[in-house]
Amino acid sequence: MNLTTQNQMQLDNSKLSVNPLLAIAIPTFNRAEFLDQCFAYHIPLVRDHRVQIQVFDNASTDQTREVVYKWQKEYPLILFVGSEVNHGTDANIERALKAQTSQYVWLLGDTYHIPEGAIEYIFAKLASTQKHYDMFIFNVGNDIKDIATRDYWDKDELLREMFSHTTCLSVLVYSAKMIQNARFERFTDSNFLQTGIIFEYIANREFLIHWNRDMSVKRILSVNGQQKDFWRSDRFFDIWICRRSNLVMSLPVAYSTIDKLYAIRNSSHFGIKEMIHYRSMNIYTPEACRRYAHLLPLNINCSRFAASAIVRTPRFLVAAFYKSYLLFKKKCLMR
């Protein structure tokens with residue numbers, strides 16, 4: 001498709017009536033297969049509501065554009081926003097949020113599926129109350145079971161209970177008001193911009209955020225044999241130990257140090273089982289421990305003795321143990 005045809009398609013899309021209440025924004029990079037399935041799943045959910053699906057492509061080199069053009073013929077309310085250069089994950093999320101004209105936007109990863117009924121739930125919630133919600137937060141993979149569906153208006157409570165969860169961008173539905181008042185520049189290149197702007201925004205103002213435990217976003221880990229690519233092992237400690245901890249500690253002084261430290265540890269994913277897994281993948285290494293020695297004590301959810309024993313055990317032994325554990329767990333589930 002040439003540029004003239006592409007521009008005409010964008011113009012034709014803009015003439016169609018879109019729902020002014022909600023849009024779905026998908027930042028993406030080189031995940032054409034996942035994006036194709038994403039459209040196939042979501043278009044039936046949004047068609048009757050005329051919800052616009054917006055794709056913000058970060059200079060993909062695969063078939064992303066072709067996938068979008070294919071689905072635009074099926075559902076014209078798809079908007080494609082490309083880029084000549086890759087601006088990085090945070091910058092792509094920022095431009096996706098800043099481009100919004102709807103009252104709310106669901107920031108959705110291309111490897112996630114929103115739950116059936118969630119769009120109707122948002123519309124019904126807004127129609128049944130005079131309250132203004134600054135954000136909606138949904139569950140993912142039914143991970144959170146002990147916090148019932150509720151409203152949050154206490155910033156410290158939200159930090160303690162939801163910081164970890166909000167690092168997953170696909171569970172977040174932002175209001176235009178939050179986006180317009182967000183200080184994006186504070187969290188550029190943090191790898192958690194989507195989370196930082198929330199807690200910066202609510203730090204010194206009244207707010208209302210709705211949490212839904214019972215509707216859960218689904219993770220898609222593979223499509224047609226293609227596996228979702230995760231952060232490389234050499235970046236794991238930098239992102240999850242260093243950048244995440246620094247982001248929490250950089251939040252406004254309106255949050256207590258105790259609550260910040262609790263949020264770091266509660267969102268670290270560094271219990272015994274996880275550490276065995278990371279050791280088997282050669283992520284949790286003696287070298288990493290030495291490099292991040294000043295931050296590890298804030299993140300570990302087990303005794304220092306256990307943490308030390310795991311990292312000192314030869315990797316091949318830990319990998320064999322972890323493989324056996326997974327096989328045992330699989331057999332138990334099949335019974």
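Helix H6 (residues 155-166) packs against helix H10 (residues 257-266) with the two axes 8 Å apart and at an angle of about 15 degrees. H6 is therefore roughly parallel to H10, a label given to angles under 35 degrees, whereas those over 145 count as roughly antiparallel, 65 to 115 as roughly perpendicular and the rest as oblique. The model is predicted: local features need pLDDT of at least 70, side-chain atom pairs count only at pLDDT 80 or more, and totals for chains, interfaces and linings use all residues. Residues are numbered from 1 along each chain as its sequence is written, and side-chain values use heavy atoms, with hydrogens and water left out.

**Helix H6 with helix H10**

- The crossing of H6 and H10 is right-handed; this term applies if the near helix is turned clockwise from the far one by less than a right angle, and left-handed if anticlockwise.
- On the H6 side the contact (heavy atoms within 4.5 Å) is made by Asp 156, Leu 159, Arg 160, Phe 163 and Ser 164, and on the H10 side by Asp 259, Lys 260, Tyr 262, Ala 263 and Asn 266.
- Four nonpolar, two polar and four charged residues form this contact of H6 with H10.
- In this classification, Ala, Val, Leu, Ile, Met, Phe, Trp, Tyr, Cys and Pro count as nonpolar, Asp, Glu, Lys and Arg as charged, and the others, Gly among them, as polar.
- Axes are lines fitted to C-alpha atoms, for helices over the stretch in contact, and angles run from 0 to 180 degrees between N-to-C directions.
- Helices (H or I, at least four residues) and strands (E, at least two) are DSSP runs, numbered from the N terminus.

**Helix H2 with helix H3**

- Helix H2 (residues 32-46) and helix H3 (residues 64-74) cross at roughly 15 degrees, and their axes come within 9 Å.
- H2 and H3 are therefore roughly parallel to each other, and their crossing is right-handed.
- H2 contributes Ala 32, Leu 35, Asp 36, Phe 39, Ala 40 and Ile 43 to the contact, while H3 contributes Thr 64, Val 67, Val 68, Lys 70, Trp 71 and Glu 74.
- The contact of H2 with H3 comprises eight nonpolar, one polar and three charged residues.

**Helix H11 with helix H15**

- The axes of helix H11 (residues 272-280) and helix H15 (residues 315-334) are 8 Å apart, and the helices pack at an angle of about 125 degrees.
- H11 is therefore oblique to H15, and H11 passes H15 in a left-handed crossing.
- Lys 273, Ile 276, His 277, Arg 279 and Ser 280 of H11 make the contact with Arg 315, Val 318, Ala 319, Phe 321, Tyr 322 and Tyr 325 of H15.
- The contact of H11 with H15 holds six nonpolar, two polar and three charged residues.

**Buried His 210 in strand S9**

- His 210 is found in strand S9 (residues 209-219) and has a relative accessible area of 3%, which makes this residue buried.
- Buried means under 20% relative accessible area, exposed over 50%, and partly exposed in between (1.4 Å probe, protein chains only).
- The His 210 side chain makes a polar contact with the side chain of Tyr 121 at 2.6 Å and another with the side chain of Asp 151 at 2.7 Å.
- A polar contact is a pair of N or O atoms within 3.5 Å; within protein, one must be able to donate a hydrogen and the other to accept it, and residues adjacent in sequence count only if both atoms are side-chain atoms.
- Leaving aside neighbours within four places in sequence, the contacts of His 210 include Lys 125, Tyr 133, Met 135 and Phe 136.

**Buried loop residues**

- Thr 285 lies in the loop between H11 and helix H12 (286-291) and is buried at 11% relative accessible area.
- The side chain of Thr 285 reaches the backbone nitrogen of Ala 288 at 3.1 Å; beyond neighbours within four places in sequence, Thr 285 is in contact with Arg 279 and Val 311.
- Pro 115 occupies the loop between strand S5 (112-113) and helix H5 (118-127) and is buried, with a relative accessible area of 10%.
- The C-alpha atoms of Pro 115 and His 42 are separated by 9.5 Å, although the two residues are 73 residues apart along the chain.
- Pro 252, in the loop between helix H9 (233-249) and H10, is buried at 16% relative accessible area.
- Neighbours within four places in sequence aside, Pro 252 is in contact with Arg 186, Glu 200, Ala 203, Asn 204 and Lys 260.
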